[in-house]
Amino acid sequence: MTQPYRPGYEVDPKFLELLVCPLTKGPLVYDSARQELISRAARLAFPIRDGIPIMLADEARRLEDAELNS
Amino acid sequence: MSSAASSTAASGSIEDLVARQFGPQAAAYVTSAVHASGADLEALGALLAGHGTARLLDLGCGGGHVSFTAAPHVSEVVAYDLSDAMLAAVSGEAARRGFTNITTAQGVAEALPFEDAAFDFVVSRYSAHHWRDLAAGLRHARRVLKPGGRAVFMDVTAPENPLLDTFLQTVEMLRDPSHVRDYRPSEWVRRAEEAGFLVEGVTDRRLRLEFESWVKRIATPPVHAAAIRSLQDGASDEVREHFALEADGTFTLDTLTLVLVPA
């Protein structure tokens, strides 16, 4: 369940630099259009809702093979 | 839907239970006088004074009172909690108070989504007794703390005496089924040291909890509140004295502030 993009809720890029994947501690890639934080190693996309990164594996979207290869 | 039905419905993980318990009560924790003030928060403010460039993690921020205490002193505050409702309440209150240096993220204490050595301070108040794994939470706190940084843990503690300990945990569980454990001071120190901390300071305090607001804040079902009163009525003199039981169910318990540095 992805929230529509809302410019008013853009997350501070400096804050995003602090965040890592809670499962692998690996880097996250910010997808600003989808408002997701992508952990390729965990194959998960963590949603950002109303400007709040949701760093829970249960709430994350499983990445498709096609997305990992892109 | 009655609060009794929602609070006694059984299902899901302890994290689900915590989120379900605290979600509807978020506003009550922002305004709770027990949570919003206290000598421990004043001491925290004094500890943070003069650290204007520091970044601080409020671990298990709940109603955000550590964040609001810290925000005037430090550069950046990250308010982190399992409950999205709590985080929304904290964001709203931060905006109302004009704090622009508080950001929020949602997750569990046992898997912090932050880089190693990301924070000058990690502060956690009245949260650890809800964690499924205190040792893991402490290891993560240690990991995200900078060398030379400080961690401050504040929580309700259980007495070292097993009789008093069991009474407290039972009452806590009846009040809030998402309760895990109030740890004894000796358990706190041992686990902190095992996680790679040195104990720099220990402060014991007592906290008086007015019964009606204490159960109302978390919407304790009446049947559970009645069970707590029944346990209190039948308590031994030792229990009565330690917890300073009062006629209306109000009682006083122990709290601890642990100031830790990386070992």
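Student: Why does B:Ser178 count as buried?

Tutor: In this predicted model, B:Ser178 has a relative accessibility of 0%, and since buried means under 20%, B:Ser178 counts as buried. The residue is found in the loop between α9 (162-175) and α10 (185-194) of chain B.

Student: Which residues are in contact with B:Ser178, leaving aside its neighbours within four places in sequence?

Tutor: With those neighbours left aside, B:Ser178 is in contact with B:Ile14, B:Leu17, B:Val18, B:Gln21, B:Phe22 and B:His130.

Student: What makes the pair of B:Ser178 and B:Asp176 a polar contact?

Tutor: The side chains of B:Ser178 and B:Asp176 are joined at 2.8 Å, and the cut-off for such a pair of N or O atoms is within 3.5 Å, so the pair is counted as a polar contact.

Student: Why is the pair of B:Tyr80 and B:Phe114 called edge-to-face?

Tutor: A search of the whole structure finds nine aromatic pairs over all chains, and in the pair of B:Tyr80 and B:Phe114 the ring centres are 5.3 Å apart with the planes at 70 degrees. Rings pair if their centres lie within 6.5 Å, and planes over 60 degrees apart count as edge-to-face, so this pair takes that name. The pair also links distant parts of the chain, with B:Tyr80 in strand β2 of chain B and B:Phe114 in the loop between β3 and β4 (119-125) of chain B, 34 residues apart.

Student: How do you know whether B:Tyr80 and B:Phe114 are buried or exposed?

Tutor: B:Tyr80 has a relative accessible area of 1% and B:Phe114 a relative accessibility of 0%; buried means under 20%, so B:Tyr80 is buried, and B:Phe114 counts as buried as well.

Student: Which residues form one aromatic cluster with B:Trp131?

Tutor: B:Trp131 forms one aromatic cluster together with B:Phe153, B:Tyr183 and B:Trp188.

Student: What makes A:Asp65 and A:Arg43 a salt bridge?

Tutor: The closest N and O atoms of A:Asp65 and A:Arg43 are 2.5 Å apart, and a salt bridge needs these atoms within 4 Å, so the pair qualifies. A:Asp65 lies in helix α2 (residues 65-69) of chain A and A:Arg43 in the loop between β2 (36-39) and β3 (44-49) of chain A, so the pair ties together parts that are 22 residues apart in sequence.

Student: Why is A:Arg43 called partly exposed?

Tutor: The relative accessible area of A:Arg43 is 29%, and because buried means under 20% and exposed over 50%, A:Arg43 falls in between and is partly exposed.

Student: How do you know that A:Arg49 and A:Glu59 meet in a salt bridge?

Tutor: Their side chains meet at 3.2 Å, N to O, where the cut-off is within 4 Å. The pair links distant parts of the chain, with A:Arg49 in strand β3 of chain A and A:Glu59 in the loop between β4 (52-53) and β5 (61-62) of chain A, ten residues apart. At 17% relative accessibility A:Arg49 counts as buried, whereas A:Glu59, with a relative accessible area of 37%, is partly exposed.

Student: Where do B:Arg97 and B:Glu93 lie, and what makes them a salt bridge?

Tutor: Both lie in helix α7 of chain B, four residues apart, about one turn of the helix. The closest N and O atoms of B:Arg97 and B:Glu93 are 2.9 Å apart, and the limit is within 4 Å, so the pair is a salt bridge. B:Arg97 counts as partly exposed at 38% relative accessibility, whereas B:Glu93 counts as buried at 11%.

Student: What makes A:Lys14 and B:Glu76 a salt bridge?

Tutor: The side chains of A:Lys14 and B:Glu76 meet at 3.9 Å, N to O, and the rule asks for within 4 Å, so the pair counts as a salt bridge. Across the interface of chain B and chain A the rule finds one salt bridge.

Student: How many residues of chain B are in contact with chain A?

Tutor: In chain B, 21 residues are in contact with 14 residues of chain A, and the two chains bury about 1400 Å² between them, 68% of it on carbon and sulfur atoms.

Methods. Residues are numbered from 1 along each chain as its sequence is written. Chains are lettered from A and ligands numbered from 1 in the order in which they are written. This is a predicted model: local features need pLDDT of at least 70, side-chain atom pairs count only at pLDDT 80 or more; totals for chains, interfaces and linings use all residues. Side-chain values use heavy atoms; hydrogens and water are left out. Contact means heavy atoms within 4.5 Å. Buried area is the accessible area (1.4 Å probe) that two parts lose on being put together, summed over both. Rings of Phe, Tyr and Trp (its six-membered ring) pair if their centres lie within 6.5 Å; planes under 30 degrees apart count as stacked, over 60 as edge-to-face and the rest as tilted. Helices (H or I, at least four residues) and strands (E, at least two) are DSSP runs, numbered from the N terminus. Buried means under 20% relative accessible area, exposed over 50%, partly exposed in between (1.4 Å probe, protein chains only). A polar contact is a pair of N or O atoms within 3.5 Å; within protein, one must be able to donate a hydrogen and the other to accept it, and residues adjacent in sequence count only if both atoms are side-chain atoms.
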